[in-house]
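Hi there,

Here is the structure I promised to pass on to you. Have a look at it first, and then read my notes below with the model open beside you.

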Amino acid sequence: MIFTSNEQQFLAQAGLGRLATVSPDGVVQNNPTSYRVNADGTIDIGGMRMRATRKYRNVEAGSRVSFVIDQQVSLDPYVIRGIEIRGTAEALDDEEPPFPPQERAVIRIRPERVISWGIDGGSFDFTSRVVE
């Protein structure tokens, strides 16, 4: 499995992440977005007008992606947790979106590297692995 059981639980509860893509001319774009983790470990990003977004066009043009889901659990003591998923992505048309009112187009992320903190250990315990 791509994600540990604690990471799976975190991803199921967090609900909002930020997807970073890069345009063909090198401009970085990063926006908050909803998501769904699929049974095979891929992640689908949805949106109300997905086909018209810069992130969708960047992925269509071949952008690699970084997707971050994180939370500040408390300030005192300072506790944070999160996951960064790096990988390839494809822009898919006529796919079921994460939430029904969204457009039937998604960005599907295929994880290649997973970095997490505060999930399988303490707030500043980082893990990093390559997905086989």
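D94 is exposed, with a relative accessible area of 53%; here buried means under 20% relative accessible area, exposed over 50%, and partly exposed in between, using a 1.4 Å probe and the protein chains only. D94 sits in the loop between strand 6 and strand 7. Helices (H or I, at least four residues) and strands (E, at least two) are DSSP runs, numbered from the N terminus. D94 also has a positive phi of about 60 degrees, although it is not a glycine.

Before going further, some ground rules. This is a predicted model, so local features need pLDDT of at least 70 and side-chain atom pairs count only at pLDDT 80 or more, while totals for chains, interfaces and linings use all residues. Residues are numbered from 1 along each chain as its sequence is written, and side-chain values use heavy atoms, with hydrogens and water left out.

**Salt bridges**

How many salt bridges does a search of the whole structure find? There are 12, where a salt bridge is a side-chain nitrogen of Lys or Arg within 4 Å of a carboxyl oxygen of Asp or Glu. As background, side chains of opposite charge can pair when their charged atoms come close.

D94 belongs to one of these bridges: its partner is R104, and the closest N and O atoms are 3.0 Å apart. Both residues lie in the loop between strand 6 and strand 7, so the pair ties together parts that are 10 residues apart in sequence. R104 is partly exposed, with a relative accessible area of 35%.

E95 forms a salt bridge with R108, and here the closest N and O atoms are 3.3 Å apart. E95 is in the loop between strand 6 and strand 7 while R108 is in strand 7, so this bridge connects parts that are 13 residues apart in sequence. E95 counts as partly exposed at 26% relative accessibility, whereas R108 is buried at 16%. These two residues also belong to a network of salt bridges that links R36, D44, E95 and R108.

Another bridge to find on your screen joins the side chains of R18 and D70 (2.6 Å, N to O). R18 lies in strand 1 (residues 17-22) and D70 in strand 5, so the pair ties together parts that are 52 residues apart in sequence. R18 is partly exposed at 34%, and D70 is partly exposed at 33%.

**The nonpolar core**

In soluble globular proteins, nonpolar side chains tend to be buried together. The largest nonpolar core in this model has 23 residues, and those with the most contacts inside it are I43, I45, F67, I85, I107 and I109. A nonpolar core is a set of buried Ala, Val, Leu, Ile, Met, Phe, Trp, Tyr and Cys residues joined through side-chain atoms within 4.5 Å. Which element gives the most to this core? Strand 7 does, with 4 residues.

Leaving aside neighbours within four places in sequence, I107 is in contact (heavy atoms within 4.5 Å) with residues including L19, I43, I45, M50 and V59.

**Aromatic pairs**

The count comes to 2 aromatic pairs. Rings of Phe, Tyr and Trp (its six-membered ring) pair if their centres lie within 6.5 Å; planes under 30 degrees apart count as stacked, over 60 as edge-to-face and the rest as tilted. The rings of Y35 and F67 have their centres 5.4 Å apart and their planes at 75 degrees, so this pair is edge-to-face. Y35 lies in strand 3 (residues 35-37) and F67 in strand 5, so the two are in distant parts of the chain, 32 residues apart. Y35 and F67 are both buried.

**Two more places to look**

D76 and P77 are joined by a cis peptide bond, with omega at about 5 degrees. P77 is in the loop between strand 5 and strand 6.

G118 lies in the loop between strand 7 (105-117) and strand 8 (126-130). Is G118 buried or exposed? At 17% relative accessibility, G118 counts as buried.

Enjoy exploring!
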